[in-house]
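Me: I would like to learn how to read the features of a protein model. Could you take me through one, step by step?

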Amino acid sequence: MLNQIIKVLKNEGFEGILFRIKIRLIRKFPKYWSSLSKKFPARSKLYHKHLHYFENKNGIEFGGKSNTFDRYGLFPIYPHASNVDNCNFGNLTYWEGSLVKGKNFLYNPKKKLGYQFIAEASNLGDQVEAKAYDFVMSCHMLEHSANPVKTLFEWKRILKNDGLLLLI
């Protein structure tokens, strides 16, 4: 068992250990699943299969920092990405408070700060160059944009040719 723990630590870090503990708790206490799942959401089945698209890559997230992409989330990208920038529609939001444009987006305390853009997702104008990012990600934000189709075309513009769009 110790060899398994060491292998998981080497390959997935402490997060991998916590994830396996969570699975064992769920199996041992199935009737408490609903309360446990709120504290420890499951990982996406596609996560490990598609992680290589995000490892050591440069990306941008739209709609503010999401727990979905955090280390214990459904699709934890923050720990693996080289850099993540962010774009929010305004400098004052209910869920994040006051935002300031610049290199101050904290997506992972162990990594350098990403750049915080203040712009409409469908109109990044000259703030973001074409083909600037390896991936674009967004969690429950696209449906709130004024023009989702225009937004998708803008995201395509800033993605590299072999880039990936992750929408949740």
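Me: Which residues form one aromatic cluster here?

Reply: They are Tyr47, Phe54, Phe75 and Phe135. Before we go on, please keep in mind that this is a predicted model, where local features need pLDDT of at least 70, side-chain atom pairs count only at pLDDT 80 or more, and totals for chains, interfaces and linings use all residues. Residues are numbered from 1 along each chain as its sequence is written, and side-chain values use heavy atoms, with hydrogens and water left out.

Me: How many aromatic pairs does a search of the whole structure find?

Reply: Eight. Rings of Phe, Tyr and Trp (its six-membered ring) pair if their centres lie within 6.5 Å; planes under 30 degrees apart count as stacked, over 60 as edge-to-face and the rest as tilted. Take Tyr78 and Tyr107: their ring planes are at 55°, so the pair is tilted, and the centres are 5.7 Å apart.

Me: Where in the chain do Tyr78 and Tyr107 lie?

Reply: Tyr78 is in the loop between β1 (58–62) and β2 (83–88), and Tyr107 is in the loop between β5 (102–105) and β6 (114–118). Helices (H or I, at least four residues) and strands (E, at least two) are DSSP runs, numbered from the N terminus.

Me: Are Tyr78 and Tyr107 buried or exposed?

Reply: Both are buried. Buried means under 20% relative accessible area, exposed over 50%, and partly exposed in between (1.4 Å probe, protein chains only). Tyr115 and Phe117 form another tilted pair, with 4.6 Å from centre to centre and 55° between the planes. There, Tyr115 is partly exposed at 26%, whereas Phe117 is buried at 8%.

Me: How do I read a salt bridge, and how many are there?

Reply: Side chains of opposite charge can pair when their charged atoms come close. The rule asks for a side-chain nitrogen of Lys or Arg within 4 Å of a carboxyl oxygen of Asp or Glu. The count is three salt bridges. One of them joins Lys65 to Asp70, with the closest N and O atoms 2.9 Å apart. Lys65 is partly exposed at 33%, and Asp70 is partly exposed at 25%.

Me: Which salt bridge involves Asp134?

Reply: Asp134 meets Lys160, at 3.1 Å from N to O. This pair links distant parts of the chain, since Lys160 is in strand β8 (residues 159–167) and Asp134 in strand β7 (residues 133–138), 26 residues apart. Asp134 is buried at 16%, while Lys160 is partly exposed at 33%.

Me: Where do Glu154 and Arg157 lie?

Reply: Both are in helix α4 (residues 148–158), three residues apart, about one turn of the helix. Glu154 is buried at 11% relative accessibility, and Arg157 is partly exposed at 27%.

Me: How much space lies in the largest pocket?

Reply: Rolling a probe the size of a water molecule over the atoms shows where empty space is left. On a 1 Å grid over the protein atoms alone, a pocket is an open set of points where a 1.4 Å probe fits, with protein on both sides within 12 Å along at least five of seven lines; lining residues have an atom within 4 Å of a point. Grid points are joined across faces, edges and corners, and a volume is the space filled by probe spheres set on the points. Here the largest pocket holds about 330 Å³. It is lined by 20 residues, and the closest to its centre are Gly63, Phe89, Trp95, Met141 and His144.
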